[in-house]
Amino acid sequence: LPIVATAHVHPEIAAIMAATTSSIAFSTSKPAAVVHWIPAKIAYRGQAEVDKSFEVSSSGDQLETTFRGRTLRGYTHVLPEGMKGFVVRSTPDPKGGPDAPASWQTVTCFDRVNVWGHDSVPGKTDPQRRCLDYLQVALQVHASLTPEQVRAKMQQLKQGA
C-alpha cells in the first residue's frame, strides 16, 4: 500500500474528505493509502520512501513510532460510514491560461487516518481528533431527509416532551 505522510496541505497535493456520493468525480479505483497525520512541519515536496523508514508498531488500538528520533504515539481514526478520503493533485489546464482553473486528479484514496502526537496519544480535546470527529457531525447535519422522516421525528419529539 502506498503511504502518504502529511502534516500540512500543500498546493499540489491535498487530502480531501468527501462523501462517496458527492457530485465531484473522484476515482476510487486507485490503491488505498495509509495516511499519517503527524505533528511536524516537513519542508519537503516530492516522493519519499516512507514505508521503509517509518515503521509503526501497535499494541491494541495504540500505535507507536519514531520520527527524527522523537517518539510518536497515536491511534487509527476510521472515517465515518459513507465517507472516503482522497489525496488529489492539482493539474493545470493545458489549454487555459495562467488564470484558468485547475482540475484535480485522484492520486489515491483512504478510509482511515493514523493520528500522531508527541510522546502521547492525542486525547479527545486535541485539535486533530476534534477535526476528525466533526466529520460524523457534518454527515448528520447535511444528511438528506424525506418528508416522512421529518414527520416521524417530529412526532417522536412531541411524544417525548
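Buried means under 20% relative accessible area, exposed means over 50%, and partly exposed lies in between, with a 1.4 Å probe and protein chains only. By that scale Asp119, at 43% relative accessibility, counts as partly exposed. This is a predicted model, in which local features need pLDDT of at least 70, side-chain atom pairs count only at pLDDT 80 or more, and totals for chains, interfaces and linings use all residues. Residues are numbered from 1 along each chain as its sequence is written, and side-chain values use heavy atoms, with hydrogens and water left out.

Start with the overall layout. The protein chain has three helices and nine strands. Helices (H or I, at least four residues) and strands (E, at least two) are DSSP runs, numbered from the N terminus. Along the sequence the pattern reads β-β-β-α-β-β-β-β-β-β-α-α. Of the 161 residues in the protein chain, 22% are buried.

Now the interior. In soluble globular proteins, nonpolar side chains tend to be buried together. A nonpolar core here is a set of buried Ala, Val, Leu, Ile, Met, Phe, Trp, Tyr and Cys residues joined through side-chain atoms within 4.5 Å. The largest such core has 11 residues: Ala33, Val35, Tyr75, Leu79, Met83, Val87, Phe110, Val113, Val115, Leu132 and Leu135. Strand 7 (83-91), strand 9 and helix 2 each supply at least two residues of this core. A second, separate core has six residues, including Val50, Phe54, Leu63 and Trp116.

A pair of aromatic rings is described by the distance of the centres and the angle of the planes. Rings of Phe, Tyr and Trp (its six-membered ring) pair if their centres lie within 6.5 Å; planes under 30 degrees apart count as stacked, over 60 as edge-to-face and the rest as tilted. This rule gives two aromatic pairs. The ring centres of Phe54 and Phe67 are 6.4 Å apart with planes at 70 degrees, so this pair is edge-to-face. Phe54 sits in the loop between helix 1 (50-53) and strand 4 (57-59), and Phe67 in strand 5 (residues 62-67), so the pair ties together parts 13 residues apart in sequence. Phe54 also forms an edge-to-face pair with Trp116, at 5.9 Å centre to centre and 85 degrees between the planes. That pair links distant parts of the chain, since Trp116 is in strand 9, 62 residues from Phe54. Phe54 counts as buried at 8% relative accessibility, and Trp116 counts as buried at 0%. Together, ring pairs link Phe54, Phe67 and Trp116 into a cluster.

Next, the charges. Side chains of opposite charge can pair when their charged atoms come close. A salt bridge is a side-chain nitrogen of Lys or Arg within 4 Å of a carboxyl oxygen of Asp or Glu. The count comes to four. One joins Arg70 and Asp119, at 3.6 Å from N to O. Arg70 lies in strand 6 (residues 70-78) and Asp119 in the loop between strand 9 (112-118) and helix 2, so the pair ties together parts 49 residues apart in sequence. Arg70 is partly exposed, at 40% relative accessible area. Another joins Arg73 and Glu64, with the closest N and O atoms 3.3 Å apart. Here Arg73 is partly exposed at 26%, and Glu64 is partly exposed at 34%. Arg112 and Asp111 also meet in a salt bridge, at 3.1 Å from N to O. Arg112 is partly exposed at 38%, as is Asp111 at 33%.

The loop that holds Asp119 also holds Pro122, between strand 9 and helix 2. Pro122 is buried, with a relative accessible area of 4%. The C-alpha atoms of Pro122 and Tyr75 are separated by 7.9 Å, though the residues are 47 apart along the chain.

Helix 2 comes last. Its 15 residues reach 20 Å from first C-alpha to last, close to the expected 21 Å. The expected span is 1.5 Å times one less than the number of residues. An α-helix has 3.6 residues a turn, so residues three or four places apart point the same way. The buried residues of helix 2 are Gln128, Arg129, Leu132, Leu135 and Ala138. Tyr134 also lies in helix 2 (residues 127-141), but counts as partly exposed at 47% relative accessibility. Tyr134, Val137 and Val141 form a nonpolar patch on the surface, with about 300 Å² of accessible area together. Patches are made of residues with over 30% relative accessible area and no salt bridge, with like charges joined within 9 Å and nonpolar side chains (Val, Leu, Ile, Met, Phe, Trp, Tyr) within 5 Å. The areas come from the Shrake-Rupley method with a 1.4 Å probe, and for residues only the protein chains shown count as cover.
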